[in-house]
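Hi,

Here is the structure I said I would pass on.

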Amino acid sequence: MALEQDQRISEVVMREQSRLRNFIRRRVPDPRDAEDILQDVFYKLVEANRLLMPIEHVTGWLFRVARNRIIDVFRKKKPESFSEAAVEGEDGEMLQLEDLLPSPDAGPEAFYARNVLLDELELAIEELPEEQREVFVAHELEGRSFKEIAAETGVSVNTLLSRKRYAVLHLRERLQSMYDEFTKA
């Protein structure tokens with residue numbers, strides 16, 4: 001009987017491991033945290049099996065446990081300040097990047113969403129070629145004008161505009177799926 005149960009658990013792990021890992025990795029930027037969560041989920045499956053807890057839909061149960069573990073991980077982490085960056089809002093008021101993100105005090109889901117957005121934005125900015133990243137950070141995050149940047153670097157304003165344009169296009173493409181996921185939720 002125990003050998004049969006172990007065999008069923010092994011089959012579930014082999015069948016669901018890849019999908020579950022991908023699900024977790026899309027939500028947890030640190031691969032080590034993602035792997036820890038995956039191992040915890042499978043540990044919970046083994047534990048539930050040993051305690052003879054009935055699980056009717058194993059796949060749904062695994063993903064629910066994964067979601068709960070992801071939320072638990074983000075509850076424990078402290079928010080990291082991205083920067084003191086500000087952007088101009090529609091009414092001309094200067095908004096800090098912090099004002100555009102979900103409040104860290106709005107519950108674990110908002111805290112999770114906030115951290116995922118900040119981590120993805122940071123990763124996307126790091127992926128930019130150095131020249132594009134420097135212009136984007138200087139203009140958007142530090143609030144410097146293209147004229148200032150041109151005077152400092154010796155690069156023409158038109159070249160700086162072009163570099164920023166390519167940076168924005170890359171960031172839009174890179175972050176579009178995340179935007180879609182959060183707006184449909």
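Starting at the N terminus, the elements of the protein chain go α-α-α-β-β-α-α-α-α-α. That makes 8 helices and 2 strands, where helices (H or I, at least four residues) and strands (E, at least two) are DSSP runs, numbered from the N terminus.

Two notes on conventions. This is a predicted model, so local features need pLDDT of at least 70 and side-chain atom pairs count only at pLDDT 80 or more, while totals for chains, interfaces and linings use all residues. Residues are numbered from 1 along each chain as its sequence is written, and side-chain values use heavy atoms, with hydrogens and water left out.

The accessible surface is about 12,100 Å², and carbon and sulfur atoms account for 52% of that (Shrake-Rupley method with a 1.4 Å probe; for residues, only the protein chains shown count as cover). Take contacts (heavy atoms within 4.5 Å) between residues at least 6 apart in sequence: 57% of them join residues at least 24 apart.

Now the inside. The largest nonpolar core has 25 residues, and L20, I24, L62 and I70 have the most contacts within it. By nonpolar core I mean a set of buried Ala, Val, Leu, Ile, Met, Phe, Trp, Tyr and Cys residues joined through side-chain atoms within 4.5 Å. Two or more residues each come from α1 (2-27), α2 (31-50), α3 (58-76) and α5 (108-127), with α3 giving the most, 8 residues. I24 touches A34, I37, L38, A66 and I70, leaving out residues up to four places away in sequence. Apart from this core lies another, of 7 residues, including I125, L128, A167 and L171.

- α2 has 20 residues and reaches 29 Å from first C-alpha to last, close to the 28 Å expected at 1.5 Å a residue (the expected span is 1.5 Å times one less than the number of residues). Its buried residues include D33 and N49 as well as I37, L38 and F42. At the N-terminal end, D30 caps α2, with a side-chain oxygen 2.9 Å from the backbone nitrogen of R32. Just after α2, L52 takes a positive phi of about 60 degrees.
- R69 is one of its buried residues, along with W61, L62 and I70, among others.

On charges, the structure holds 11 salt bridges (a side-chain nitrogen of Lys or Arg within 4 Å of a carboxyl oxygen of Asp or Glu). E16, in helix α1, is worth a look: it counts as buried because its relative accessibility is 3%. E16 touches T59, L62 and F63, again not counting residues up to four places away in sequence. Its side chain meets that of R15 in a salt bridge (3.0 Å, N to O), and R15, E16 and R19 are linked in a network of salt bridges.

Further along, R163 forms a salt bridge with E131, the closest N and O atoms being 3.5 Å apart. R163 lies in helix α8 (residues 157-184) and E131 in helix α6 (residues 130-141), so this pair ties together parts 32 residues apart in sequence. E131 is partly exposed, at 46% relative accessibility. E152 and R144 also pair up (2.8 Å, N to O), and E152 counts as exposed, at 59%.

Cheers

Note on methods:
Buried < 20%, exposed > 50% of the residue type's maximum accessible area, 1.4 Å probe, protein only. Polar contact = N/O pair within 3.5 Å; in protein donor to acceptor, adjacent residues only side chain to side chain.
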